[in-house]
Amino acid sequence: MSKTNSLVVLTEGAIIVAAAQALSFVPHDLGVSSIQVEYGLIPMTIYALRRGLKPGLTAGFVWGILDLILKGFSSGGFLNPLQGLVEYPLAFAAVGLVGLGSVRVKNRINENKNPLGLIIFYSAIGFLVKYFLHFIAGGIYWGAYAPKTMNPWIYSLVINGGSFIANMIMLLILLVLLTRVFKRFIITRN
């Protein structure tokens, strides 16, 4: 990769991280306890598909650190360093796993075939790992907040599984709406 191209990827990543973080300030609770739709997952998914695994993981990691600093510390989402590491930089970096499908999705687009199934599959991998890390942290660290009659692991599964499902539904809706512009979002000129 040339220096110019590296700078383009880095700059694009910084813009995507800023957009993802800005979108995290849009109210996103579904009203059911802590099930949340993370709007920032959409630009991160597009970036990971556009630029690949390593830039996707890096941008997600940076987004996680930024979210920890701007929201985690101030909202009570940080309990201790290990929990903070798992639920912020590592969980957010996991979204970059969507980039595992970058080459296959681009090939599909270039062959004028519909990449929807591949995008859903690779997005599910990234989203599932993100919410699995939240599930583990929820069972270990947030169990005290579960209803007294409910097992903390079941509570964590309901909340994080619900968030995973809500975010996949959001992605599906946007993918259907944006089917005609996949090529512009994902295929790069450089």
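Modeller: Some ground rules come before the questions. This is a predicted model, where local features need pLDDT of at least 70 and side-chain atom pairs count only at pLDDT 80 or more, while totals for chains, interfaces and linings use all residues. Residues are numbered from 1 along each chain as its sequence is written, and side-chain values use heavy atoms, with hydrogens and water left out.

Biologist: What makes a stretch a helix here?

Modeller: A helix is a DSSP run of H or I with at least four residues, numbered from the N terminus (strands are runs of E with at least two). Helix 3 covers residues 53-75.

Biologist: Where is the kink in helix 3 centred?

Modeller: The kink is centred on L68 and is about 45°. The bend at a residue is the angle between axes fitted to the seven residues ending there and the seven starting there. Just after helix 3, G76 has a positive phi of about 85°.

Biologist: Why is S156 called buried?

Modeller: Buried means under 20% relative accessible area, exposed means over 50%, and partly exposed is in between (1.4 Å probe, protein chains only). S156 has a relative accessible area of 2%, so S156 is buried. S156 lies in helix 7, residues 152-177.

Biologist: Which residues does S156 touch, beyond those up to four places away in sequence?

Modeller: Contact means heavy atoms within 4.5 Å. By that test, S156 touches H134, F135, G138, G139 and G161.

Biologist: What makes F127 buried?

Modeller: The relative accessibility of F127 is 0%, so F127 counts as buried. F127 is in helix 6, residues 116-141. Leaving aside neighbours within four places in sequence, F127 is in contact with L41, T45, V95, F164, N167, M168 and L171.

Biologist: Which parts cover the buried residues of helix 3?

Modeller: The cover includes helix 1 (3-23), helix 2 (41-51) and helix 4 (81-93). Among the buried residues of helix 3 are W63, D67 and L68.

Biologist: Is G13 buried or exposed?

Modeller: G13 has 7% relative accessibility, so G13 counts as buried. G13 is in helix 1. The C-alpha atoms of G13 and M44 are separated by 8.7 Å, and the two residues are 31 apart along the chain.

Biologist: Why is the pair of E12 and R50 called a salt bridge?

Modeller: A salt bridge is a side-chain nitrogen of Lys or Arg within 4 Å of a carboxyl oxygen of Asp or Glu. The side chains of E12 and R50 meet at 2.8 Å, N to O. E12 lies in helix 1 and R50 in helix 2, so the pair ties together parts that are 38 residues apart in sequence.

Biologist: What else does E12 pair with?

Modeller: E12 also forms a salt bridge with R51, with the closest N and O atoms 3.0 Å apart. This pair too links helix 1 with helix 2, 39 residues apart. Salt bridges link E12, R50 and R51 in a network.

Biologist: How do you know that E12 and R51 are buried?

Modeller: E12 has a relative accessible area of 16%, so E12 is buried. R51 has 14%, so R51 is buried.

Biologist: How many salt bridges does the whole structure hold?

Modeller: A search finds three. One of them joins E111 and K113, with the closest N and O atoms 3.8 Å apart. E111 has 46% relative accessibility, so E111 counts as partly exposed. K113 has 43%, so K113 counts as partly exposed.

Biologist: What makes a nonpolar patch?

Modeller: Patch residues have over 30% relative accessible area and no salt bridge; nonpolar side chains (Val, Leu, Ile, Met, Phe, Trp, Tyr) are joined within 5 Å, and like charges within 9 Å. The nonpolar patch here includes F25, F61 and L90, and its residues together have about 880 Å² of accessible area. Areas come from the Shrake-Rupley method with a 1.4 Å probe, and for residues only the protein chains shown count as cover.

Biologist: Which helix gives the most to the patch?

Modeller: Helix 3 does, with six residues. F61 is in helix 3. At 35% relative accessibility, F61 counts as partly exposed.

Methods
The expected span of a helix is 1.5 Å times one less than its number of residues.
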